[in-house]
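Please consult the sequence and the model shown here alongside the text.

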Amino acid sequence: ASQLGRGARLDSLLLSESRSYAEPEEVWQAAGKAVTKGWIISESTPPTSRENWHAQSWLLTRDGQGEFRKAHFWPWYHDPLKRLTQGSPTFEAMHRAGFVEALPPGTLEEETALGLDDEQRAFRRQERFCGTPMSRRLARAENPESVTDAFSTTDLWLDRGAIELCARQCCDPLFKERLGSLHTVLCWLAPGDMRGEQLVVFVDTAAKHGKDFSCVRARTASTLRVVAEVHGRALASELCAAIVWLINRYVPGGVSNTLGYCVGVERNAGSGKDLLELLQRAGLKVGRRAGLYAETVEDRRPGRKGRKRVRPGFQTSAAARSAMLDRIAASVEGIGRDAETGEAAPVGPTVEFRSKGLVDELAQLGEIEGKIAATTGHDDRVIAEGGLLILAERVARRTPASLAGGGSRRAGQHKRTVKKRLLPKRSRPG
């Protein structure tokens, strides 16, 4: 994006649906400056966030402080297609006497002031007053009558009282150190307080290879006590060094004690695969319950159709992200009832929280265009925490009894049972 239009040979530029660009500022700085004599148009359909580059540029231009010459706005009723055909069942339903009487006070006056005909009135009533609250809110943003309508409204996701209880648990770390120029480690648990538990680590990798924020979160496998957090901008090599540092600090025997830790890495981000390769080079062994966490997937290599293979990393699909958010909600607000008695339980955190940065990100989670995401700032700590809770749940089900109970059995004492296959009688020698 930063190289687009650097040749300064563009006569005109159309930035279509610029609200969806991953890097709109870089596109504008590169291509926008390349148009010296022609025209530039940036257009976008609602709904959009007020923090989006297109929205901010439009508002600044409207107030005479933007980089564009004029800010245009087209309300929905200027679109000749947005109407319900007269005589259709939906049109008749929107004009039925009982439905009209149930409309909010002032609705008919608003329609008259906008100059709507009967077909446009039917369309407006269907979009604004039919369907679920979410669909009505989205319809209002997709069919704006004013600039304010075009901006998507945000509802904060988590209970404010539960967030406040989480914030009360936050405290200063026992240890803080800058591991690199732009990333820092915070430790809340002393190395001697692990009590023989397995260390579980999850890594939310950056999408821009060191230009975006990465986060490493660590808890104990069984009791889910907060151990440490690494946050900041870091290359894959720097994240690898930080993870190895954590393992050597909290796991007796360090990296060679494979059963003492489990590290999950988000593999679908830009630097995820690089980090997985570096961790294996650093001595982390791939496994399902310990070491470098791996998933069992379909083997799509030629000649291996129908087989399974172990693939290092944690694949963050839409379903996995939904599961992460479920774990986050349960850890912050609880499950709503007592697991033993079935009675209603008060809303509040079910695990301990120590990081103020994490709680601040949790407080800013909201619904944006039908998705749960950060309304302001970043959500890398949240994703790392959600992945960590899922990973700890999976690992705890497969943790050896000696580790779960705080035993001190060495890694070498866990041996796989080998079954002997007897040959048929007629095939046995002698």
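## Salt bridges: basis and overall count

A salt bridge is taken here as a side-chain nitrogen of Lys or Arg within 4 Å of a carboxyl oxygen of Asp or Glu. The model is predicted, so local features need pLDDT of at least 70 and side-chain atom pairs count only at pLDDT 80 or more, whereas totals for chains, interfaces and linings use all residues. Residues are numbered from 1 along each chain as its sequence is written, and side-chain values use heavy atoms, with hydrogens and water left out.

Across the whole structure, 22 salt bridges are found.

E229 and R217 form a salt bridge in which the closest N and O atoms are 2.8 Å apart. Because E229 belongs to strand β8 (residues 226-233) and R217 to strand β7 (residues 213-220), this pair ties together parts 12 residues apart in sequence. Helices (H or I, at least four residues) and strands (E, at least two) are DSSP runs, numbered from the N terminus.

Buried denotes under 20% relative accessible area, exposed over 50%, and partly exposed the range in between, with a 1.4 Å probe and protein chains only. By this criterion E229 is buried at 2% relative accessibility, and R217 is buried at 0%. Both residues belong to a network of salt bridges that links R217, R219, E229, E361, R381 and E385.

The side chains of E119 and R83 meet in a salt bridge with an N to O distance of 3.0 Å. This pair links distant parts of the chain, 36 residues apart: E119 is in helix α6 and R83 in the loop between α2 and α3. E119 counts as buried at 18% relative accessibility, while R83, at 28%, is partly exposed.

A salt bridge also joins the side chains of R128 and E145 (3.6 Å, N to O). R128 lies in helix α6 and E145 in the loop between α7 (133-142) and α8 (147-150), so the contact ties together parts that are 17 residues apart in sequence. R128 and E145 are both buried.

## Aromatic pairs

Rings of Phe, Tyr and Trp (its six-membered ring) pair if their centres lie within 6.5 Å; planes under 30 degrees apart count as stacked, over 60 as edge-to-face and the rest as tilted. Six aromatic pairs are found in the whole structure. One of them is the tilted pair of W76 and F123, at 5.2 Å centre to centre and 40° between the planes. Since W76 lies in the loop between α2 (53-62) and α3 (89-94) and F123 in helix α6 (residues 118-129), the pair ties together parts that are 47 residues apart in sequence.

Y293 and F314 form a tilted pair, with 6.5 Å between centres and 35° between the planes. Y293 lies in strand β11 (residues 291-298) and F314 in the loop between β12 (308-312) and α12 (318-333), so the parts tied together are 21 residues apart in sequence. Y293 is buried at 2% relative accessibility, as is F314 at 1%. Ring pairs also link W76, Y77 and F123 into a cluster.

## Charges over rings

A charge sits over a ring if NZ of Lys or CZ of Arg is within 6 Å of the ring centre and within 35 degrees of the ring normal. The charged end of R233 sits over the ring of F213, 4.3 Å from its centre. R219 lies over the face of F353, at 5.8 Å from the ring centre.
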